[in-house]
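The sequence and structure come first.

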Amino acid sequence: MIRIKLDVMMAERKMSLNELSEKVGITPANLSILKNEKGKAIRFSTLAALCKALDCQPGDLMEYMEE
């Protein structure tokens, strides 16, 4: 299972969901799906935009966990 650590990165950067939404051009609702780990997939373009906005690497946003 891949865990998305968007909430952790946002907290470390002191960034709200709405602020991040504006920076990456993704609706708050869709970001919330990622943040709450309800998503089934993520586009590379979305991942790249998140990394740019949060000044991080993809590995900072994702973690592999055995089920």
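A disulfide is counted here as a pair of cysteine sulfur atoms within 2.5 Å. The model is a predicted one, in which local features need pLDDT of at least 70, side-chain atom pairs count only at pLDDT 80 or more, and totals for chains, interfaces and linings use all residues. Residues are numbered from 1 along each chain as its sequence is written, and side-chain values use heavy atoms, with hydrogens and water left out.

**Cysteines**

A search of the whole structure finds 0 disulfides. The sulfur of cysteine 56 lies 4.2 Å from the closest cysteine sulfur, that of cysteine 51, which is too far for a bond. Cysteine 51 is buried, with a relative accessible area of 8%; buried means under 20% relative accessible area, exposed over 50%, and partly exposed in between, with a 1.4 Å probe and protein chains only. Cysteine 56 is also buried, at a relative accessible area of 8%.

**Helix packing**

Helices (H or I, at least four residues) are DSSP runs, numbered from the N terminus. Axes are lines fitted to C-alpha atoms over the stretch in contact, and angles run from 0 to 180 degrees between N-to-C directions. Contact means heavy atoms within 4.5 Å.

| Pair | Angle | Axis separation |
|---|---|---|
| Helix 2 (residues 17-24) and helix 3 (residues 28-35) | about 110° | 9 Å |
| Helix 2 and helix 4 (residues 44-54) | about 115° | 9 Å |

Helix 2 and helix 3 are roughly perpendicular to each other, a term for angles of 65 to 115 degrees. Their crossing is right-handed, meaning that the near helix is turned clockwise from the far one by less than a right angle. On the helix 2 side the contact uses Leu17, Asn18, Leu20, Ser21 and Val24, which meet Pro28, Leu31, Ser32 and Lys35 of helix 3. These residues divide into 5 nonpolar, 3 polar and 1 charged. In this count Ala, Val, Leu, Ile, Met, Phe, Trp, Tyr, Cys and Pro are nonpolar, Asp, Glu, Lys and Arg are charged, and the others, Gly among them, are polar.

The crossing of helix 2 and helix 4 is right-handed. Here Leu20, Lys23 and Val24 of helix 2 touch Ala49, Leu50, Ala53 and Leu54 of helix 4. The contact holds 6 nonpolar residues, no polar ones and 1 charged.

**Threonine 46**

Threonine 46 sits in helix 4 and counts as buried at 16% relative accessibility. Apart from neighbours within four places in sequence, threonine 46 is in contact with Ile26 and Leu34.

Conventions. Helices (H or I, at least four residues) and strands (E, at least two) are DSSP runs, numbered from the N terminus. Angles under 35 degrees count as roughly parallel, over 145 as roughly antiparallel, 65 to 115 as roughly perpendicular and the rest as oblique.
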